[in-house]
Each structure stands twice: as structure tokens, then as C-alpha cells.
Amino acid sequence: MIRWNGWGEEDIDYPLSEQVIDYLTEHLGQGESKPSSSLQAAISTVPPSRLSEHPMVTIDPFERLCHARGQSLPDWIALGSGQIDVFPDGIAYPNSEQEVRELFRYSRRAGCQLIPYGGGTSVVGHINPLPGDKPTLTVDFSRMNQLQDFDEASRLATFEAGVSGPDLETQLQALGYTLGHYPQSFEYSTLGGWIATRSSGQQSYYYGRIEDLFAGGQVETPVGTIEIPSFPASAAGPDLRHVVLGSEGRIGLITQAQVRVRPVPAAERFAAVFFQDWTSGVSALRAIAQSDIPVSMLRLSDSRETETTLTLAGHERLVAWFDRGLGFLNYGSNRCLLIYGLTGSRREIAAAGRALKHITRQYKGLSTGTFIGNQWQRGRFRTPYLRNTLWKLGYAIDTLETAVRWSTVPEMAQAIRSALLPGLENQNERVLVLLHLSHVYRDGASIYVTFLFRRAADPADTLHRWQVLKDAASCSIIDKGGTITHQHGVGLDHAKYLPAEKGKLGMQLLNELCHTLDPDRIMNPGKLLNNDLI
Ligand SMILES: Cc1cc2nc3c(=O)[nH]c(=O)nc-3n(C[C@H](O)[C@H](O)[C@H](O)COP(=O)(O)OP(=O)(O)OC[C@H]3O[C@@H](n4cnc5c(N)ncnc54)[C@H](O)[C@@H]3O)c2cc1C
């Protein structure tokens, strides 16, 4: 059973040792657990639906509660406190493209708006219904999850858009192939959601981001069907795939997608290197990114994230021993951890490993073998469960991210830290800021930031703390010329910052695009484009 107000399966926990709890207390102050709303209390707040029963539409209050919010921190605050102001009026589970088209007819009759829903793992408010006069129908794609066609010669697989990460990989790997798209939300997020948010997997350096993997597909819009054939390449004007990528449910319902797949690799290896400080780590990462070594994953943590990662790893005695050894070798408190992944044949992996070590040594990188890398790989889809534990202990955790050119990486990282660290000083609260670089490119890298702070007694005050921090960090990202999001998308939470990035004419173009495909504005209102601007 999936948690209705947290992450993942109810029977999976992420317990923390006394040492980790002490660490949190030292950095943030003692956490205090706060009462959470019961499921019954939350269900009792669901108002009567404004939609009538229909064979394809359920108005069951539990279903409506489960589709009311995603995984952003404001969503957690609302679900945890049971103060969820708006619910969808009904949920539809289409089984086919014909049923999707029927839903448009239903929506015209019922005068309702539609919210496409994949796995509901959005962290920026993508799937939340907004208050308004019109009823809202959430369209959950979970029943459209099948592999429909596999062109092995072209290595193209056609899937229904609601397929989740595990279901997609199971169907492909049975044929000896993989998509290799592993966002940390892999266990619950879907192909349609990845496309609609321009998602990036943890091994995108090797497999590509979703925009590299999405070859074509089909979208049902309020005014008709868009079919995008897949071509190896095309010069036939602007590429319509880019109208669909990042569309966030504003133009229609993605029903199927062709994706570029590869044979399952023979081997993978994850390993770790320590650098003496952030500057040498960043320089080494840039050199690797610009060297064409076929690594599949790179993640360079700053010194605070390195310290936290080692503390969280448990294995207290081993870490203490490791710590002494590293200190003795001059990898002291400024040390930064790089975890990297290599994917391919055994020969390719061995050659890539040698080439990578050759570079890291030039920056005084200390290779420590595969122990830490394997730990990371084994726990990568378990880490999100930590949110449940922290929440219960009285701490809030959120992430934000950007991407900038290499020449701006150090300055941007510092600007974000400087915005977040003192953000709650006037409330006498501290913020723990952990930062890493991942998703590297020849011209730059994404900067991914995790921040933690104590929850306030009143949910509204916790939300206010988050808003203060989010605003400060987002303004510093814009100020230093970064994108407002590298992989999470715009949704509700980033919509007000988008005009600074796209410009006036750019926003007008996006508005008109949505208007052409959705003249009556029934598709996922308020997301991506702030409605005030329309
Ligand atoms: C713990 C955690 C870790 C995460 N890690 C990553 C990560 O590593 N990389 C990353 O990129 N993101 C990550 N995310 C963010 C999130 O998982 C992605 O944005 C993901 O792509 C959302 O997919 P979903 O199927 O859950 O979509 P949803 O959250 O259901 O929807 C997201 C948006 O897509 C639209 N949409 C969904 N399906 C369709 C469809 N069929 N047709 C049209 N529009 C549709 C929705 O309307 C909405 O606007 C993470 C989130 C969490 C909670």
C-alpha cells in the first residue's frame, strides 16, 4: 500500500541511528515531532463532487484525496496537516486512446478542466487542482502501461504513456533492452510524466535525458490529435517533439511515446574518489565532462554533503576508521566526494576507469574503490524514504536545482548557499544546505541543492519558512543567470520565475501555443504559465 501522505510503500522505512539524530540536532536544533492528520480526518474534508457519476469517472473521496497533491514540500505540509484546500472533483482511468478522446467529450459536456496525472511525483505542484468555478477531472494514466510495438532493428520501443519506470524496464529487459532512464522517483514516475516535465535520469550522461530518448508519439489535444512520427533526424522545420517535451499537461494528454532503447549493458561499476576541496573536485569534474570518457553517472558533493553522506551511511566504526585514514592523507574537513558510474562492456568499463583515474589524479583525487559507489547504487531509490523519517522527527526537507555554464558554477553554488544559510536567521532557525553537481555537460553542469530546516508548530509557519528560502534561492539563481529548473520542471512553484528566463516574446509564444491547442483553457490551468499572464 502506498502512503497517502508521504513517500512510497507503507512497509518500507528509513530508520536513523542516534548518531544521525545527534548530527541533525547539532546543525538544526532538536526536532519535535508534530501530530499528523489521520486518513479519516483528511477524507472528511473532501467536499461533494461537482461532477456526476460516469462509467469512466470515479468521485470516491479517497481517490480524490490521493490525487489532490504531489510531492513538493507545500504538498507535504498540506497532506501532513490535513489542510488540503482543493481536491479534484473526479478521477478518470482511461484504458485506451479511444477512452482518452471520450474524456474530451465528457469534459465538454461537464464543463470541467483536465489534469493529466502520471505517477504524481511532481515536486513543483504540477498536478494540484486550483480553486475555481469549474470542476476538475484528474486523468490518471496508470492503466495505459503496455509496450505496444518494438522495432528491434531500429531499437525503438512504443509504450503507452502511463507506464511506470519499473514496468517499462521489466517489459524491455525481457527483450534484452533498456531505456536506462532512472530519475530518483523511478519506482513511481511514468514515461508520460518524464516527457511532460523534461526529466533527467541519474545516468543521463550515458543514456541521455528524456529529450534525447523521446523519438515521437501521440498527443490528444482539445482540438485534435498530434502525431509525431519518429525520424532518426529531420530538417523539416521546428521539431514538434519540443512542443510536447516540457508541456506539463497544458496542451493535451500524451497517450503513447516511441523511445530509443539500448541493449542491457554487460556491466556497470560505481566507485568513489575524494578530493581535498571543492575547487579541485569541480575542476576534475569539468575535465571529465569535456574528455569524452564514457561515464554514465557523476555526482560531486560539496564538503557539507560529503560529511552528511558519510554520517548517514551508518557503519559508524568503518566510517570512523575511514575518517582517520582520510585525515591522515590530508583529505580533511574540506574533502569532497565524487561518486561515478561506468556502464558498458567489461573492456569499455576497464578502459574508462583507467582514463578517469588518470584525470582525477591530476587534481589529487584519491580513489577509494567501489564500496561507497555500491552503497549509493543499492540505496538510490531508498533515499527518498528518508523524507518520511525526517518529517516524523520534526524536520522539513526540500530540493532545488539549476544548470549553468562551467564558468559560473562556483559563483552560483556560493550564491545559493548564501541565500539559504541565513534565510531563517530572523526566526532564530538554522538551515542545513547540501549541494552537489550532477548531470554534467561539455559546457556546464546542474547544481542540485537539498535544504533542511525545522518544522514550526503551525503548518502555515512551516510553509512560510519554505517560501522565504525558496524565494531567496530562486532569486539568486535568476540573478546569476541560471535556469530556474534543470529537471523538475516549472509547475506552480516556478511559474512566476519563468518570464525572467524566457522573456516577453518567449512567454507570448508559449501562451499562444497553449491557446491554439487548448482554446477553452481546460488543460491543467495555472501550471507552467501563470494564468495571470495569459
Ligand atoms: C523523491 C523524488 C525524486 C525525484 N527525482 C527526480 C530525478 O532524479 N529526475 C527528475 O527529472 N525528476 C525527479 N523528480 C521529479 C518527478 O519525479 C519528475 O518530474 C517526473 O518526471 C514526474 O513524473 P510523473 O509520472 O510522476 O508525473 P506527474 O507528477 O504525475 O505529472 C507531472 C506533470 O506531467 C504531466 N503529465 C503526466 N503524465 C502526462 C501525460 N500522459 N500526458 C500529458 N501530461 C502528463 C502532468 O500533468 C504534470 O504537469 C523526483 C521526485 C521525487 C518525489
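**View 1. Pairing of β5 with β6 in a predicted model.** β5 and β6 (residues 156–160) pair in the antiparallel sense over four bridges. Two strands count as paired if DSSP finds at least two bridges between them. Strands are DSSP runs (E, at least two residues) and helices are DSSP runs (H or I, at least four residues), both numbered from the N terminus. Phe150 has Ala157 of β6 as its bridge partner. The model is predicted: local features need pLDDT of at least 70, side-chain atom pairs count only at pLDDT 80 or more, and totals for chains, interfaces and linings use all residues. Residues are numbered from 1 along each chain as its sequence is written, and side-chain values use heavy atoms, without hydrogens and water.

**View 2. The open sheet of five strands.** The order is β5-β6-β10-β8-β9, with antiparallel pairing. β5 (147–151) and β9 (224–228) stand at the edges with a single partner strand each, so one side of each has no neighbour in the sheet.

**View 3. The shell around the ligand.**

View 4. A side-chain N or O atom of Thr190 is 2.7 Å from a ligand oxygen. For Thr197, a side-chain N or O atom is 2.9 Å from a ligand oxygen. At Ser200, a backbone N or O atom lies 2.8 Å from a ligand nitrogen.

Note on methods
A polar contact is a pair of N or O atoms within 3.5 Å; within protein, one must be able to donate a hydrogen and the other to accept it, and residues adjacent in sequence count only if both atoms are side-chain atoms.
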